[in-house]
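Colleague: Could you take me through the salt bridges in this model, with a close look at the charged pairs and where their partners sit?

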Amino acid sequence: MINKVLIANRGEIALRIARTCRELGLGVVAVYSTEDRDSAVVRFADQAVCIGPAPSKRSYLNLSAIIEAAVRTGADAVHPGYGFLSEVPDFAEACALSGLTFVGPPAGVIERLGDKSAARAAMSDAGLPMLPGSIEPIADADEAEKAAADIGYPVIVKAVAGGGGRGMQVVHDPGDLPQRYREVRGVAHSLFGDDRVYIERYLPAARHVEVQVLCDGYGDGVHLGQRDCSVQRRRQKIIEEAPAPNLPAGLADRMGEAALRGVLAAGYVGAGTVEFLVDDLGRFSFMEVNCRIQVEHPITEMIFGVDLVREQLRIAAGEPLGLVQSELVPRGTAIECRVNAEDPSRDFMPTPGVLTEFAMPGGPFVRTDTDARPGCRVSAVYDPLLAKVAVWAPDRPQALARMRRALDEVHVVGPGVCTNRDFLRTALDHPDFIAGTHDTSLVADLAKSAADH
């Protein structure tokens, strides 16, 4: 049983979790850095605790301060949201040792699946299709060259502990591999405190398609369809869509079954996402497992009518899964756009500042997840996400038209602040996106086209 939840996060996801907690009659404790003292979730929560100064290492990544805040306020559960400590096994373990329910998978599962090399091995053992690559971490540059030669170029060098598009480099020329290998190891050590890397085949024009799963503590699980997340800048998603359009017949079911088989074999509990690459022949390959709620979860909620955070909390409280696979039928199409404070003309550089005007779209079947408002400061310290705008419609053409209208209503003004709104609008109008045949090369193609003109 859960009575009070501490939300170990900030921004829109903290507010979104708090709202579901409130609907369930649960107490809400917010934590915040000094930079976020006036944030929306601080105003919304029943209690709020400052956990340190703005740098994440001294606040939202300060495991001890968050545990202390939970114990001191009488919270009996901790929801980590996404990012920060959400996939840190030591945090899940510390919660358990302090008598707190961690809203997520067990620490051992996070540790195994968060290690991308170990996750590849686990999913391979479960029979999921894999890209050619190294199973074990690569020890040195000589071993990297041998592995890449066996795999075939281009290859991608990835940090075992990487995430969020960081800690990876694509290598097309064998002569570049030793230097790229060393660079990724250096970045991995700096960002993740773990310099292990591995190598796998790189698909330059694949689709990024992921499957949402829910598993309870009794060995039962379901999958909730797919999301196409191919529109990315710097390997970070900016447009997502559910269900993924134009998949070959039967592929969606095969991906869902494979994803669920993989996570159940790993002992997964909670909400998670299994990410795949789909090539131009319709073949899918395992990429990684995200052991948390995803940024793009609203579009799955829209097509299935399921509150995923509510399900997370129910499962964490020890309740059995209340969903049956045969009854989970997606309806219509949902699209999400991430409105970021960044400048696409300067390689999507963040543009922090104070918002003097801020208005988000409304109207039928439009959902905006945000904690921004006029007068708030977009911090240079954190992710530049301003809002997630999601729309639903009975079919894809109507959803596209609705998203175009919604983006036209986005209004953000502030000294030095610009947004990616117009870039999102351009991407939606690209012929490949309209046809549903786009892949991960779309943003690079748009950027090149803009530069040529």
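Modeller: Happy to! A residue counts as buried when its relative accessible area is under 20%, as exposed when over 50%, and as partly exposed in between. Please keep in mind that this is a predicted model.

Let's start with R227 and E210, whose closest N and O atoms are 2.7 Å apart in a salt bridge. R227 belongs to strand β10 (residues 221–233) and E210 to strand β9 (residues 207–215), so their pairing ties together parts 17 residues apart in sequence. Both R227 and E210 are buried. They also belong to a network of salt bridges that links E210, R227, K237, E240, E275, E296 and R338.

Now to R196, which forms a salt bridge with D115, with 2.8 Å between the closest N and O atoms. R196 sits in the loop between α8 (177–192) and β8 (197–201), while D115 is in the loop between α5 (107–114) and α6 (116–125), so this pair joins parts that are 81 residues apart in sequence. D115 counts as buried because its relative accessibility is 14%, whereas R196, at 32%, is partly exposed.

Another pair is R185 with D195, a salt bridge whose closest N and O atoms are 2.8 Å apart. R185 is in helix α8 and D195 in the loop between α8 and β8, 10 residues apart. R185 is partly exposed, with 23% relative accessibility, and D195 is partly exposed too, at 30%.

As for the whole model, the count comes to 36 salt bridges.

Key:
Residues are numbered from 1 along each chain as its sequence is written. This is a predicted model: local features need pLDDT of at least 70, side-chain atom pairs count only at pLDDT 80 or more; totals for chains, interfaces and linings use all residues. Side-chain values use heavy atoms; hydrogens and water are left out. A salt bridge is a side-chain nitrogen of Lys or Arg within 4 Å of a carboxyl oxygen of Asp or Glu. Helices (H or I, at least four residues) and strands (E, at least two) are DSSP runs, numbered from the N terminus. Buried means under 20% relative accessible area, exposed over 50%, partly exposed in between (1.4 Å probe, protein chains only).
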